[in-house]
Amino acid sequence: MQQITEQHATATAAFYYLYSMQTVLYGLLSEEYPENLTFRDSIFWFSKKTIYLIENHMEELPITIAPSFGYYNLALTYRNWYPDSYDTIYYYLNKALESKTRLNRVTDMELETSVYTLYAKTHFDQKKYEQAEKDMLYALSLLEQMNENNTTVIEFSEAYKFLAKYYETVNRPAEALKYHKLLLENEAKRYDSDKIAAMDDMLVKYETEKKEVQIETLTKEKQAAHRILLLTVSLIAMLLIALLIFIRFYQLRRKNLQQSIYEAALLAELKQNELEQNLQEKERLQKQYDRLEKQAARNKEKAESYNAELTHIKQQLEQKPTKAMADKLSDWVSKSPMRRTNKDNYLRQLSELDVEMLERGFLSARDKISNMDMKYIICFAIDMEVQDMSLLFNVEPASIYTVRYRIKKKFGGGGGFRFLI
């Protein structure tokens with residue numbers, strides 16, 4: 001930290017570079033150990049600290065800093081970890097485009113290319129195919145402007161591959177074939193360019209060594225042979241290292257795939273067990289209800305007692321969705337990236353939630369209460385902050401207030417839920 005502070009003019013700039021390096025560090029650790037969610041949380045924390053400095057202390061930062069890439073990297077991180085958070089991803093991509101005025105023209109075009117490429121992929125995930133096509137074609141036009149001398153770059157291959165996949169998806173084989181051909185041509189150019197450069201290097205080296213052989217003594221010839229041997233050994237060593245890196249990467253990919261399959265199977269089994277338990281409990285209560293109803297028909301003198309028990313059982317059956325919804329919210333809150341103190345407080349309040357009070361309150365509703373309404377009412381009941389609800393349901397804060405107003409109308413301004421007022 002002291003070295004960074006001495007290198008840069010202000011403490012704000014030093015902290016900016018520190019947070020940026022921490023973000024990169026935890027990004028690398030997260031790629032190597034994806035099962036460790038602490039690294040993922042650290043990425044978000046340091047990224048947002050960097051964004052905070054950009055938005056509140058921009059005048060204290062060097063002119064060379066590109067704030068737009070900070071927004072873009074945060075959007076990319078959300079897509080990698082929370083691909084369904086479309087509103088958040090679009091928000092940070094829009095911020096990236098808005099803040100690109102500090103950059104030069106070339107850097108601006110590089111940023112726009114990256115942003116619209118991510119726009120296209122996100123729209124494609126949402127099956128907004130027309131918008132995805134427009135975004136990727138615009139990104140491709142920017143690439144063509146940046147490469148007027150027809151030099152090939154990896155980004156061209158990525159764009160061609162996306163467009164080929166898109167046109168296959170929308171059943172437009174002619175366009176798909178076109179971009180498949182462009183992809184193959186681009187890869188061939190890259191291969192030919194690398195091959196020609198390698199051949200030129202080998203030719204220069206051969207001519208140099210040939211001249212050295214003509215003027216050197218037998219001792220120097222032996223030294224040249226020794227150097228060639230060392231070069232060969234070094235090349236073999238580099239190839240072995242590259243092979244080991246590839247094997248390691250393959251093992252990590254395979255491990256991640258196995259882990260995801262295992263987690264999906266475990267989650268499916270847990271859901272199945274939960275459904276079976278709920279079904280067994282409902283069948284038990286239904287049998288008890290039927291038995292009491294038959295006894296009430298046979299014995300009219302004890303009808304009131306049996307009716308009371310039947311009413312109690314009906315209440316239990318009706319309370320079951322509320323309890324299940326509270327348990328589901330507890331599971332969501334425990335997995336959310338919100339602050340630890342808020343998370344523990346919400347979990348405690350959910351465990352102590354007065355379900356009977358909520359059930360009585362639901363009876364006062366003028367309109368039907370949906371499952372989504374029930375989720376929001378439980379969150380309002382435990383006094384969950386709007387920002388945390390926005391993070392939990394992946395919606396904008398303004399949407400929370402709209403839902404609150406709509407629910408209040410169903411209860412006539414609050415009804416039995418005074419926390420809605």
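A helix is a DSSP run of H or I that spans at least four residues, a strand is a run of E with at least two, and numbering starts from the N terminus. The exercises concern a predicted model, in which local features need pLDDT of at least 70 and side-chain atom pairs count only at pLDDT 80 or more, while totals for chains, interfaces and linings use all residues. Residues are numbered from 1 along each chain as its sequence is written, and side-chain values use heavy atoms, with hydrogens and water left out.

**Exercise 1.** State in which helix alanine 164 lies, decide whether this residue is buried or exposed, and give its C-alpha distance to tyrosine 179.

*Solution.* 
- Step 1: Alanine 164 belongs to helix α8, which covers residues 154-169.
- Step 2: The relative accessible area of alanine 164 is 1%, so the residue is buried (buried is under 20%, exposed over 50%, partly exposed in between, with a 1.4 Å probe and protein chains only).
- Step 3: Between the C-alpha atoms of alanine 164 and tyrosine 179 there are 5.2 Å, although 15 residues separate the two along the chain.

**Exercise 2.** Find the length of helix α5, list its buried residues, and explain how they are arranged around the axis.

*Solution.* 
- Step 1: Helix α5 runs over residues 86-98, which makes 13 residues.
- Step 2: From the first C-alpha to the last, α5 reaches 18 Å, close to the expected 18 Å at 1.5 Å a residue (the expected span is 1.5 Å times one less than the number of residues).
- Step 3: In α5 the buried residues are Tyr86, Ile89, Tyr90, Tyr92, Leu93, Ala96 and Leu97.
- Step 4: These residues cover an arc of only 165° around the axis, and therefore they sit on the same side of α5 (the arc is taken from the directions between the helix axis and the C-beta atoms).
- Step 5: As a general rule, an α-helix has 3.6 residues a turn, so residues three or four places apart point the same way.

**Exercise 3.** Identify the buried residues of helix α13, describe the face they form, and name the residue that caps its N-terminal end.

*Solution.* 
- Step 1: Helix α13 covers residues 355-362, and Val355, Leu358, Glu359, Gly361 and Phe362 are buried in it.
- Step 2: Viewed down the axis of α13, the buried residues fall within an arc of 160°, so they line one face of the helix.
- Step 3: The N-terminal cap of α13 is aspartate 354, which has a side-chain oxygen 3.4 Å from the backbone nitrogen of glutamate 356.

**Exercise 4.** Locate lysine 127 and asparagine 394, then classify their exposure and report the phi of each.

*Solution.* 
- Step 1: Lysine 127 is placed in the loop between α6 (105-125) and α7 (129-146).
- Step 2: With a relative accessible area of 62%, lysine 127 is exposed.
- Step 3: The phi of lysine 127 is near 65°, a positive value in a residue other than glycine.
- Step 4: Asparagine 394 lies in the loop between α15 (386-393) and α16 (397-410).
- Step 5: Asparagine 394 is partly exposed, its relative accessible area being 35%.
- Step 6: Although asparagine 394 is not a glycine, its phi is positive, at about 60°.
- Step 7: For reference, most residues other than glycine have a negative phi.

**Exercise 5.** List the buried residues of α15, and find how far tryptophan 332 lies from phenylalanine 393.

*Solution.* 
- Step 1: The buried residues of α15 are Asp388, Met389, Ser390, Leu392 and Phe393.
- Step 2: Tryptophan 332 is part of helix α11, residues 303-335.
- Step 3: Tryptophan 332 has 31% relative accessibility and counts as partly exposed.

**Exercise 6.** Describe the setting of arginine 284 and of aspartate 41.

*Solution.* 
- Step 1: Arginine 284 is in helix α10, residues 218-298, and is partly exposed at 43% relative accessible area.
- Step 2: Its side chain makes a polar contact of 2.8 Å with the side chain of glutamate 281 (a polar contact is a pair of N or O atoms within 3.5 Å; within protein, one must be able to donate a hydrogen and the other to accept it, and residues adjacent in sequence count only if both atoms are side-chain atoms).
- Step 3: Aspartate 41 is found in helix α3 and, at 34% relative accessibility, is partly exposed.
- Step 4: The C-alpha atoms of aspartate 41 and tyrosine 26 are separated by 9.1 Å, and the residues are 15 apart along the chain.
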